[in-house]
Amino acid sequence: MKTRPAGIGNANADWMGSLPSKLSSMPLKHLAVPGSHDSFTYWVDVHAPVGPDQKPYVKYLATMFSVLAKKVMVKWSMTQNLTFMEQLDAGIRYFDLRVSSKPGESGTEIYFIHGLFGHKVNLNCIQCDHCLLCFTIVFLDFNHYYAMKPEHHVYLISMLQEVFGSKLCNNCAVESITLDYLWGKKYQVIVFYHHPSAQDVPVMWPGNKIPAPWANTTEPYKLIQFLETTLKERAKQGSFHVTQAILTPTPNTVAKGLVWGLRNYLVERNLPTIISWVEAQRPGVDGVNIITSDFVELTDFANIVIKLNNMLLSEQDHKPR
């Protein structure tokens, strides 16, 4: 058995494997886990059509102004700079995934999407399978689907099963999921699939087991108020919990910060306030679980979230599991 240090350090690539046994035996729903919002938007295709997730007026503008409009969209569609492998190395373990078929394409190819199309899903899934360290557990949360017919869902679900195979964790009671349990079973991937197509597939977890309340605001103090309210309302049993520590631009925000983009106009100026709130959080029975951010490399985000788990070491013997 691997010897683990008494605390949590800075080596984030294998941070789960470095957790003390007191924490690896706790339900995973009680640990603090860093995640990324719109995880696969580090590259988008300006030459592809505008995605079906966009409002009609955005599609109209993109049709009228083509490349110019798409260059602006890139600045507001990209929410991450790090590749999937770089996010893993940084310690990110929860991935927020939105997928779509591409208009005009025959077949069942599926792409990651956020306003503009990104990489094909299959390439990244295969890359993910090859780069999982033996103590790494990842959450893959497929929560938005666009322009997908039944055959697209069959294709995606089959691909996930083929690529990850025995590493996929079966849907079961959330309270039974600890790192020790997952390591013992050699499970490394928990897939959430928010669509009825997967309801009879044992290795696809339903979306209601990973709620992710969305504040939908551009104001950091409204965001914090929302996050605190939804944490208090967090279900005691039956689910993980995603705290989306993100701001969402409105059309007016985009118009005002058109040439600056999401990172420069909205994220960077408000990140200190949001990160200060994250640093003050406590994991555990009534605390945070998964926390997501845009541009996870802008601060020491993953390490900040991971180190929250140190708070559990002194109180582990006093709190119920």
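## A lysine over two rings

K102 lies over the face of Y111, at 4.0 Å from the ring centre. A charge counts as sitting over a ring if NZ of Lys or CZ of Arg is within 6 Å of the ring centre and within 35 degrees of the ring normal.

A word on the model: it is predicted, so local features need pLDDT of at least 70 and side-chain atom pairs count only at pLDDT 80 or more, while totals for chains, interfaces and linings use all residues. Residues are numbered from 1 along each chain as its sequence is written, and side-chain values use heavy atoms, with hydrogens and water left out.

Strand β2 (residues 94-100) is largely enclosed by the rest of the structure, because 7 of its 7 residues are buried (under 20% relative accessible area with a 1.4 Å probe, protein chains only; exposed is over 50%, partly exposed in between). Y94, D96, R98 and S100 cover one side, and F95, L97 and V99 the other. Strands here are DSSP E runs of at least two residues, and helices are H or I runs of at least four, numbered from the N terminus.

Strands pair if DSSP finds at least two bridges between them. β2 runs parallel to β5, joined by 7 bridges, with V99 opposite Y145. Strand β1 (residues 33-36) is also parallel to β2, through 2 bridges, and S36 stands opposite F95. Strand β3 (residues 111-114) is antiparallel to β2, again with 2 bridges; there S100 faces Y111, the residue whose ring lies under K102.

## Aromatic pairs

The structure holds 16 aromatic pairs, meaning Phe, Tyr or Trp rings (the six-membered ring for Trp) with centres within 6.5 Å; planes under 30 degrees apart are stacked, over 60 edge-to-face and the rest tilted. F139 and F240 form an edge-to-face pair, 5.2 Å centre to centre with 80 degrees between the planes. The two are 101 residues apart, F139 in strand β5 (residues 138-146) and F240 in the loop between α7 (220-232) and β8 (242-244). Both F139 and F240 are buried.

## The nonpolar cores

A nonpolar core is a set of buried Ala, Val, Leu, Ile, Met, Phe, Trp, Tyr and Cys residues joined through side-chain atoms within 4.5 Å. In the largest one, of 62 residues, F142, L156 and M204 touch the most other members. Helix α9 (residues 261-279) supplies the largest share of this core, 9 residues. Apart from it lies another core of 30 residues, including W15 and V242.
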